[in-house]
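Open the model in your viewer and keep the selection tool at hand. The stops below follow one another, each with something to select.

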Amino acid sequence: MADSSTLARSESKGGVRMVDVSSQPDSVRTAVAAGRVVLGPDAFEAVRERTVRKGDVLTTAQIAGIQGSKQTSSLIPLCHDVQIDGVEIEFAFDEEEHAINIRAFTKSVGLTGVEMEALTAVSIAGLTIYDMCKSITRDIYIDDVRLLAKTGGQSGNWKSDRPEPTPDPQAEPGAPAVN
């Protein structure tokens, strides 16, 4: 192991390190993240009507987001491998913008937070929606991916001042995780 003076020199020249969290106490940690995919009218309607050739877009995106959250440490180099105890992904239709709002909730009991896992879940769900709709139009974009709130850990609770996307009051009952 490098002595601290060597470590400090290499970091000042662009080195990187994974933060040591071994002295942190286990605690319940949660995070909520959000984002959206702007589809345009044709792709938006195809998702809503479940007529996309590849199949059920929102169910597929929900599964992909959950899988993505569990793979965060494989995707982001210095992210700790976290035992994920729960992931929920929700979607809401935004008629006016022809967009789908995505919201992810992650939970763990451990040494470090799950913010990156929630953000990854939103990002992967968004990319999956893009992939499944790109045959309809390529003019799709993912934006406004952000952390809404987190709980637990040494830094305590935090909540964004930015408003959350509002749920779609017209959401079809029984549709997968759409609210």
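Is Arg36 buried or exposed? Arg36 counts as buried because its relative accessibility is 17%, where buried means under 20% relative accessible area, exposed over 50% and partly exposed in between (1.4 Å probe, protein chains only). This is a predicted model, in which local features need pLDDT of at least 70 and side-chain atom pairs count only at pLDDT 80 or more, while totals for chains, interfaces and linings use all residues. Residues are numbered from 1 along each chain as its sequence is written, and side-chain values use heavy atoms, with hydrogens and water left out.

Helices (H or I, at least four residues) and strands (E, at least two) are DSSP runs, numbered from the N terminus. Asp143, at 23% relative accessibility, counts as partly exposed.

Now show the strands. Five of them make an open sheet in the order E2-E3-E1-E4-E5, with antiparallel pairing; two strands pair if DSSP finds at least two bridges between them. E2 and strand E5 (158-159) stand at the edges with a single partner strand each, so one side of each has no neighbour in the sheet. E1 and E4 pair in the antiparallel sense over eight bridges. Asp143 turns up here again, as the bridge partner of Arg36 in E4.

**Phe44 and Phe93**

Select Phe44 and Phe93. The count of aromatic pairs comes to one, and Phe44 with Phe93 forms an edge-to-face pair, 5.5 Å centre to centre with 85° between the planes. Rings of Phe, Tyr and Trp (its six-membered ring) pair if their centres lie within 6.5 Å; planes under 30 degrees apart count as stacked, over 60 as edge-to-face and the rest as tilted. Phe44 lies in helix H2 (residues 41-49) and Phe93 in strand E2 (residues 86-94), so the pair ties together parts 49 residues apart in sequence. Both Phe44 and Phe93 are buried.

Move to helix H5 (residues 115-133). Its 19 residues should span 27 Å at 1.5 Å a residue, and its end C-alpha atoms are 27 Å apart, which agrees; the expected span is 1.5 Å times one less than the number of residues. Its buried residues include Leu119, Val122, Ile129 and Met132.

Which side chain meets Asp131 in a salt bridge at 3.0 Å, N to O? Lys54 does. Lys54 is in the loop between H2 and helix H3 (57-70), 77 residues from Asp131 in helix H5. Lys54 is exposed at 51% relative accessible area, while Asp131 is partly exposed at 31%. Lys134 also forms a salt bridge with Asp131, at 2.8 Å between the closest N and O atoms.

Notes
A salt bridge is a side-chain nitrogen of Lys or Arg within 4 Å of a carboxyl oxygen of Asp or Glu.
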